[in-house]
Amino acid sequence: MNVNATDEEVAGVLRHVRERGFEPIELPGADRLAIGVLGSNPGSIRDAIVDLPGVVEAIPVSKPYKQVTREWHPESTVVDVSGVCIGDGSFTVMAGPCAVENREQMLSTARAVRDAGAAIIRGGAFKPRTSPYSFQGLGLAGLDFLSEARTATGLRVVTEVVTPGDVEVVAGTADMLQVGTRNAQNFALLEAVGDSGRPVLLKRGLSNTIEEWLLAAEYVVAHGNPDVVLCERGIRTFEAYTRNTLDLSAVPVVKSLSHLPVVVDPSHATGHRHLVAPMALAALAAGADGVLIEVHPDPERALSDGAQSLNFAMFEELMAQIRRLSLALDRQLATVPSPAGEAVQG
Ligand code: PEP
Ligand code: MN
């Protein structure tokens, strides 16, 4: 719509769209309102509204992922994770163990990563393991330890949900739901997290093209949940030295194609702890909105992903490097708001 379109002009367009059997979606921007229409015959709706008063242009969306493309929503989306904003230009550090193992491990890690400057604690209570004989996570008890860690530190919680039936219970604890790489195209799960009312951290599927990844995000958004954060975590290639191949160019590619925030997980991408810091810094330099880092009090004894987990001292050192680089790049570290709305962490 024109910047100066009146309420009547907007209502006129909405009425015309509805009269043709489509449901319009109002997309307010910083300086003007757009009206999105999803349907299979864009020509007919375009002809019907293009000359209406207040309409500046009618743009057919060319991409298959209609609502997550920048064509639909030119401004970047900011995802609010219980007060921690991802995608607002700040750099959000999410850190914690691969799996929740016990209360002490969770609480000590939460304190350490908070003191070092993370804003969000991670840890899987439900683990999607490649082998059925590997540690599968503590389940509900794990959620309780995450909850306790949040109360003790103020950190927000991101944790994985692996099955649609668990979405409600995990959403009862998590500030953000993680959909893992093995479930990235589990469409029933994507729809369930779309209905959950919680922000979603969507990992890129092991062998997903960027288009498939964005279409997975589209499932969540199409189910009424606009709060999706995309996470590049490495893809499967012929290279065997690293666990996966970090596709860092996906960060600027996705940022140009989509308005959704993009973060990078250098832990799962590389599989080796000595590669985590360089790739985390590269992610910051590439324009990512944050990183997801595995940290464990005693990586040698971790029940999962010890080889790629940083100990507390390594994480502190990485945070110092992130601070220095973000200063040079004019980026702020995301902080945890206190209950009064003041920043607790710098
Ligand atoms: C994880 O974050 O612990 C995890 C299992 O990640 P991914 O789904 O990327 O392998
Ligand atoms: Mn892991």
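Guide: Let us begin with a definition: the expected span of a helix is 1.5 Å times one less than its number of residues. Helices (H or I, at least four residues) and strands (E, at least two) are DSSP runs, numbered from the N terminus. This is a predicted model, in which local features need pLDDT of at least 70 and side-chain atom pairs count only at pLDDT 80 or more, while totals for chains, interfaces and linings use all residues. Residues are numbered from 1 along each chain as its sequence is written, chains are lettered from A and ligands numbered from 1 in the order in which they are written, and side-chain values use heavy atoms, with hydrogens and water left out.

Visitor: How far apart are the end C-alpha atoms of helix H11?
Guide: Helix H11 covers residues 312-328, which is 17 residues. At 1.5 Å a residue, H11 should span 24 Å. The model agrees with that, since the end C-alpha atoms of H11 are apart by 25 Å.

Visitor: Within what arc do the buried residues of H11 fall?
Guide: Buried means under 20% relative accessible area, exposed over 50% and partly exposed in between (1.4 Å probe, protein chains only). The buried residues of H11 are Phe315, Leu318, Met319, Ile322 and Ser326. They line one face of the helix, because, seen down the axis of H11 and taking directions from the helix axis to the C-beta atoms, they fall within an arc of 105°.

Visitor: Which residues are exposed on the other side of H11, and what covers the buried ones?
Guide: An α-helix has 3.6 residues a turn, so residues three or four places apart point the same way. On the other side of H11, the exposed residues are Ala313, Glu316, Arg324, Leu327 and Ala328. Counting contact as heavy atoms within 4.5 Å, the cover over the buried residues of H11 includes strand E5 (92-96), helix H3 (103-116), helix H10 (273-286) and strand E12 (290-294).

Visitor: Which residue follows H11 with a positive phi?
Guide: At the start of H11, a side-chain oxygen of Asn311 comes to within 3.2 Å of the backbone nitrogen of Ala313. After H11 there is a residue with a positive phi, near 65°: Asp330.

Visitor: What does Thr69 contact, leaving aside its neighbours within four places in sequence?
Guide: Thr69 sits in the loop between helix H2 (42-49) and strand E3 (79-81). Thr69 is buried, with a relative accessible area of 2%. Leaving aside neighbours within four places in sequence, its contacts are Val61, Lys63, Leu257, Ser258 and His259.

Visitor: How far is Gly139 from Phe126 in space?
Guide: Gly139 lies in the loop between strand E6 (120-122) and helix H4 (140-153), and Gly139 is buried, at a relative accessible area of 9%. In sequence, Gly139 and Phe126 are 13 residues apart; in space, C-alpha to C-alpha, they are apart by 5.1 Å.

Visitor: Which backbone nitrogen does the side chain of Thr153 reach?
Guide: Thr153 lies in helix H4 and is buried, with a relative accessible area of 8%. Not counting residues up to four places away in sequence, Thr153 touches Ala110, Arg111 and Arg114. At 3.1 Å, the side chain of Thr153 reaches the backbone nitrogen of Leu155.

Key. Polar contact = N/O pair within 3.5 Å; in protein donor to acceptor, adjacent residues only side chain to side chain.
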